[in-house]
Structures are given as structure tokens and as C-alpha cells.
Amino acid sequence: MERFLAQAAKYIFEKHSTELHEICVLFPNRRSGVFFTSYLQNEISEAVLAPAITTVNELISGYSTLLQGEKLQLISILYDIFKKHTKTTETFDDFYFWGEILLADFNDIDRYLVDAKDIFTNITDLKEIELVFDYLSEEQKEALEQFWGSVAVNDKKEFQEKHLEIWKKLYSIYTEFKEVLVAKNMAFSGMIYRQVVEDIENNNFSFNFKTYYVVGLNALNSCEKKFFTYLQRAKKTVFLWDYDLSYLEDKKNEAGLFMRDNLNNFPPPFDFIFSSQNFNKKKNVKLAAVSSVYGQAQQIPVFLNETKSDCVPEFDNTAIVLADESLLFASLGAISDDVSTINVTMGYTVKNSMIYGFLMLLVNLLKNKKHDGERGDYVYYRYVTDVLNHQLFSYWTTAESNTFLSEVRLRNRVTIELNSLGFTKFHKKVFMLPKKTEEFSAYFLGVLGEIYARIKIAEPDNKMLLEIIYAIFLAIEKLNSVIKSVNKEQATEISETVYFRLFSQYLGKISVAFEGEPLSGIQVMGILETRCLDFENLIILGLNENKWPRTFTAPSFIPHNIRKGFGLPGIDEQDAMYSYYFYRLIQRAKNITATYSVVKQGINTGELSRYGYQLQYDSVQNPEMINLNFSFGNDPVAPIEIRSSKQISENLLGKNTVEHPLSPSAINTYLQCSLRFYFRYAMDLPEPDEVKEEIDGMIFGNIFHDTMETLYAPFVGKVMNRMDFDAILKNRVLIENEIHKQIAYHYFKEKGKGSKKVVLEGKTVLIYENIKTYLNQLLRVDQKLAPFTMVALEEKYQTALEIGLNRQLVQVFIGGRVDRVDRVEGVTRILDYKTGFVKDLKFADIDELFERDKKEPKKEILQALIYLFLFVENNNVPDIKPVVYVLRNLFNEKFEPDVIWKEHDFSFKELKSDLVDNLKQLIAEIYSPHTIFTQTQHTDKCKYCAYKKICRRF
């Protein structure tokens, strides 16, 4: 296979073998210059001075006296001029995004030598036509108002006029902006290009080389065309274009769009012969659909094995091209150890590093900190624990910091004061946050300095990590310098919003180069690195529609039709450029495998690139379509069964005492999921401590129960009349203070039920209001029942049952705490509060309540009946019934709390025998050494189970 650059090197050497030092060769990038130099060396047999190798951008920019300005400096200057001309009151924060768009438009206007006055006049005329907004929808009008947020007004006519006035000012803004920049010896890139090509004829620029060779370029902007035209007229330039006739002569193929113009405007020498009919030669092409993004890399070893007969240990033989650059590390990991040399021509983006991830956690700290006069700076707990649990912090982990993390969970600390985190010098540096935006960079630099020093001692061989830290350090230093300059020269204050936008942009540009020999081994590269290069074996990873071609275009104030009319690039030109990169890359290759992910996630469409379809349906190639499916699912989880034993039975019986009886809730747990009972009561597995970000159902219930107990406690043993309820309801301070105390105790885990009043925020305020609403309604419901006697509150009751176990009688204690016992009109009520959902309070018979693993168990009724049984065993009362206060039903017009049996009056005397028989049978089963503890069949019950990870249900 003859490579284009090798043919170009041969041609240039034949023409200038004795005067190579007098020529300059221009390439689209430096990588192609390196390859060209290697090919040129193959032609040379004795010592000579090499030609100059450069890029078009470096050559043109070198003729300008203006310096490229930093984006922040440029936008700050533009903001001052924009304010001057439009009289806007828009802040720099609000303007920054629009300033980026304006700057990009100005850059395009200058690169393509557009008459700025003409284009802005056309835009203004178009906007005047569009002032008749009648055909626009309300959403479109709203979008326009948001677009010009600072000038949006209620009056339609006034809004239209102000909208148009800004368009009229754009040319004046553009003109003065460039004048101010020239005075400061500063410019944006397009301005530099325009200045050079407009002055090129008047200034008689001196060209240091006898001949300039333009090699392998494709899309030229107007400045480059004018520059080359001047060189062409001066007979100082030769153009060597790379193309294939298959797409050049096919007017429908966008890959040849720019090349057809280039050949017409800048024809190559007639004697430059190169291979231009390679695409239609038979190739071994495969298009592989992969059901995983990162799984695409697993096709690399397959490809290398299939092409090993064509592989030779040369730098231009095999390349791995990453259309999706996030696959870099997956690709490197997939290359087997048999491959001796790999050269990564693309840098490792620091955004993928753990250092960048750590800095983003610090950014979250800065963005979300709050300040209180008493507490100082404090933040939501997760922002702190995420930082402390980051792998970098392992170098500074102390027993004190570990204890702190445990305390956060145990005390449910939803917010954390940062001044409580000074465990080490590094902790203080991280959590002592700066107050002003101009101090942010120094903060990040200080933290990075500490990390670098520690890693250099702990892991001196980890050069990659140290290099990443150093590169990020330099980028933040540069950002800091630019911000200080803007602050000093333009007196522009940078807000947090703009700072973090810049921070992300500066760090997003950084990549750390891999050490390697560029002229050896398999090449791993991105799309732009492939320009001018040819390989015999190619594997392309990420050939998805949104990756190649890139579907994103920069936003612009210039409408599409006007951009097109004035020759400014748009989505069509971008597509043509990426199409050329694709076809030019594969035109000389012999073996080509391209993978694409079928996963639809985010902006990933899971669709093969249009170029893949073109190969399949619109070319002489007949690619093999293959599917690579990876089974990532686990094998079905085997059901868990635990067989009881004599030891387990004795262990359970040993725990059953007067102080620790078998509770109704434990009985319900066994009926719903006997395996959960085993974990909780047989194995004593503790439920994991974790910070509850909001008050859940259990905590809500505890707060409500304890608040009600406190309010009713003075009336135990007394008759409560309606006046008593009036007094409680009017005493709002008492109710609110008590709820605060209970929230402090149950949610914030404050020790003791003292008088400390916690600060409620966010959802906690809503929960507090809900508790207060339910509590007040319950008081009103009880008031309607008054007068009645409050018999007991939160009283423990228990009894013992003799159970037949292993052919002998065993005494088992059952017991629990009853929420409330009262006597209304001579009937004793055993009352249970329920804060959750209860379907109904009706049951047909006792057997129904003891059904194992029922989808919708009537556990509330069973629990109420067991409490009733316990009370009766300890008290001789003639008339008694169970009552369940379901809080969700308190506001019902007809509130019915009574448990209903067989649709007639409740009679515990009739039920007691069946209840006791079922209880004995169930308890005998629980404590039997022959019981099998099994999982529930209804997985919905597992969602909130503390042991769901053991069962691997969720």
C-alpha cells in the first residue's frame, strides 16, 4: 500500500534534493509532520538540512503583531462595550454566555472575511421583518424574551423595538471591540487571521522560504484561501491534495465538497502522481454492533488476531481510532501483552481522572455552603462525606475522622458545620472555604499542592498522577492570572457562576501526553489525529451517529440562512469535513473493523453512523454486519432457605425472657417473611446505620407517638372532657415545642429529650407541619368522644403461653407496648396509632390473620388483637374492643377506627380461643428446630427491607 505522505515525501525530495532547507511544508497538524519526516528520511542517503515543518495556523499567526487574548479578557472587554452601546443593566454573569456566542460569531466573520457591516445590516433587516410576531406561538415568544432577558418588557411594542435596537448596535459593538483590542495589542484568532491577509499585499511580507508546500489540507477558510492565493501569485507555493476519485467525482458525496473547490482554485502540479483510486478496491470491512459502550474495546484483540498475517511492526501499519475518546483506557486495557509497543497520539483528558473528580467535589462544597452566625459555614452532609470518602483522603484518614463519619450516621447529621472538621492540617485546608470568588483559585492551588507533596512521597513512581496534578495546577494558575488581570484592567468582578464555568472550561481543555515513540507500534488516536495518515489495518471504536460525525454545532446569533448566504460555516460544512476525514482514512486501508454501541443513553442514540450505512448501501464494499452481545446479567439468584436446628431453637428460646418477650411486630415479621425474622431475631443482625436524608415513616411514627404521649400524660387515670382538649389545642407553643423536641431526639439523635430546639429546613419543615396537622386533627377527633377516661399510655403488657415443643411444654413470653388504653361509654378500647397505609380494618376469621406470606396481610388487625389479648390476661374487664387510629383517615367525614369482625359487633370472648390456638401453633413453628426460614415470594415487600442486599433482591 502506497501512503499519501510517503508519495508526497518522494515528490518533494525529487524536486528539492539539494535544497530541502529552502522549503517549508505545511500540514493540518503536527502528527502528519512527524510521519512525513520519517518518510522523507527513507529517501535521503546522506546528511542534509531538513525542510521546515509547520502548520497553517502557526505560519499565518506568525505574521501578526497582535497577541491572542484569553477568552475571559475578551468577553470582559466586550461586555463593557456592549453596555456602552445598548445601555443594558445586564450583569456580567448574565452576559457571559451571550458574550461567548458573540465572540464566536465575530471570529467566524473575520476568518471568512465577511463584510461585517453588510452581514449585520442584513440581520437587522431580517429582524425588522420578523417584528410581526403574530405567527409565533406563546412558547416561541417566551423563548425570545428569555433570550434577551435584560430587555424583556411587558409591552409588546416596546419589547420589539428594544429587541431591534440591539441588532442595530451589533456592527458598532464589533467595530469598537476590535479598535479597543488593537490598542491593547490583543486579538481573537479570527481577527489575527484577517489582519494578516488584509495587510499581506500592502506590507510586502517577507517569506523566508523559496517554496511552500501545502500538504493534505481539506476545509479552508477565506483567510487561508486569500493567503494561499497570494503565495500562488508569487509562485511560492505547491499544493498536494489527498483524495479518492470515488467521492471526488460523486457530487452527492459530501466528502468531496471542499476538495472539488481546492483542486479548482489551487491545482496540484501535473507531475505529482499519487494513488487516487483505492476506495473501490476490495476491502475486508466489518461493522460490529455492541450492546455496551465500553464493551466495544473487547473487539480489539479479536481484530488484532484476525489481521496478524497483515500486521508488521511498523508505525503506519495498524491504528486504533477512537471516535469516542472516552474509550481510551478501555482500549488500552483490551490490548494484550503480546503487543510490544503502543503509541498513544492523543492525550489523556484530565476530566477522566480522580483528581478532577475530587476537585468537582470541592466545587460542590463551595457552591452549596451556607452561613449562619452561630454555626459558621455549614453544608448538606453528603457534600462532606463524599469528600472524606474519596480515595485521595485515604492518605489523611485518622481514627478521629472515622469516628466522625460514624457519628454522622448515628446522630443523623443532615447538615455539618465545616469548623468541626479540623482533624489534620489537610482537613483544615480543604474545609476552610474561601469567602470571595477571587480567593477560589488560591484555595484549589493550596489543596493541590498538599496532594502533590503527599503523593510524591507515598507513590513516587505514579508519574501519571503527578503529571495530572501538575497540569491542573498550571491551568488553575493561568485562570487565576487571567481573573486578576480582568479584575485590575477592566474592573470586572467575577461571580461564582462565571468562575466555575471558566474553571470547567480551563480544566476541560487539559490533556496529559503519554510517553512513547511516535514512529513505532500500534497507533491509538482520535479522529483529528488521523488527518493525512494512512494505515493498512484500522479498527474504529464508537462509530455512532452522534460521535462521527459530531452533531453539535456552536450556538450563533447569525441566522442559518444568512450564515449560508455570506459563506459562513454551518452544520452542512461540519458534516462535509467529518465525511472527508472518514473516507480519506479508510480509502487505502485493507482491513477495517468499526464498532458502534447500540445502547441508548443520554445523547447516545445507539445508531450506526451514516458513514456505516453509506458503506453498506452506497458503495462497492460489502461490509460484514456482526453483533457482539455480552451477558451482563447475573444468573438468577437462588432462593435462600435457612433450616433451623437445635442450636437455633435453643438460642431463640434463650432470648425469650420476661424482659424480652416475643412481640406482636416480631410475630408479624415472621408471617410476612420468616427469613427476615431469622436475620433480625435469630442472628441479631443489626440494621445498617445510615443518614436519613428526610424523616421516613418509622421516624414519623415515633415522633407522633411520643408527642401524643407527652400531651396526654397529665391525664392518665383521669377523665378528659372537652375543655381539656380546648386547652391543649389553644396551647400552640406547647404542641410546637414538643414536636421540635421529638424531632431533635428521633431524627437529629440529640441526647435526651431536653429543651434544645433544632433548626428545621427543607422537607423537615413540611414533615413538621404534617405532624402538627395530624396531631391537631386527632385531638379534635378525641374531643368529639369526650368525656372519656385515659386508662394508660405506652404501657407494657405481657403474658406467658405454654407451647408443646419437642414433646415437652415450654413457656414462651409474648408482650408489647400498647399505644393507648381508654374507656369510652363503659367500653375499654385498646388503641393503636398507625401512620402508614392501612387498606381496611375488617376480617372474616382468625385463620385469615395467620396466613403465611400473604400479599396484603392484615397485620394491623392481628397486632391489635394480640395487644387486646395481653391486656385481658392482665386485667379483668367486662367489655373491650380493639381500635386502630389510621392517621390518613382522620380527615374522613365518617372516621371509623373500630376493628370489624364478620360485619357485626365485636366479641373478644368468641374470638379468644381461636386466637390463642393460632398463636400457640405459630409460636411452636417459630421455635421448632425443624422450621425452614424462607424468603417472601412478594418482592415488593423487599424494597425497604434492611436485609435486601443479602437476598440480592434490590
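**Strands and helices, term by term**

Visitor: What makes strand β1 (residues 23–27) and β2 a pair, and in which sense do they pair?
Guide: They are joined by four bridges in the parallel sense, and they count as a pair because DSSP needs to find at least two bridges between two strands. Leu26, for instance, stands opposite Thr54 in β2. The model is a predicted one, in which local features need pLDDT of at least 70 and side-chain atom pairs count only at pLDDT 80 or more, while totals for chains, interfaces and linings use all residues. Residues are numbered from 1 along each chain as its sequence is written, and side-chain values use heavy atoms, with hydrogens and water left out.

Visitor: Why do β2 and β6 stand at the edges of the sheet?
Guide: The open sheet has four strands in the order β2-β1-β5-β6, with parallel pairing. β2 (52–55) and β6 (237–240) each have a single partner strand, so one side of each is left without a neighbour in the sheet. The names come from DSSP runs numbered from the N terminus, with helices (H or I) of at least four residues and strands (E) of at least two.

Visitor: Why are α20 and α21 called oblique to each other?
Guide: The axes of helix α20 (residues 463–489) and helix α21 (residues 496–508) come within 10 Å and cross at roughly 140 degrees, on a scale from 0 to 180 degrees between N-to-C directions, with axes fitted to C-alpha atoms over the stretch in contact. Angles under 35 degrees count as roughly parallel, over 145 as roughly antiparallel, 65 to 115 as roughly perpendicular and the rest as oblique; α20 and α21 are therefore oblique.

Visitor: Which residues of α20 and α21 meet?
Guide: With contact meaning heavy atoms within 4.5 Å, Ile472, Ala475, Ile476, Lys478, Leu479, Val482 and Ile483 in α20 meet Tyr499, Leu502, Phe503, Tyr506 and Leu507 in α21. This contact has 11 nonpolar, no polar and one charged residues, where Ala, Val, Leu, Ile, Met, Phe, Trp, Tyr, Cys and Pro count as nonpolar, Asp, Glu, Lys and Arg as charged, and the others, Gly among them, as polar.
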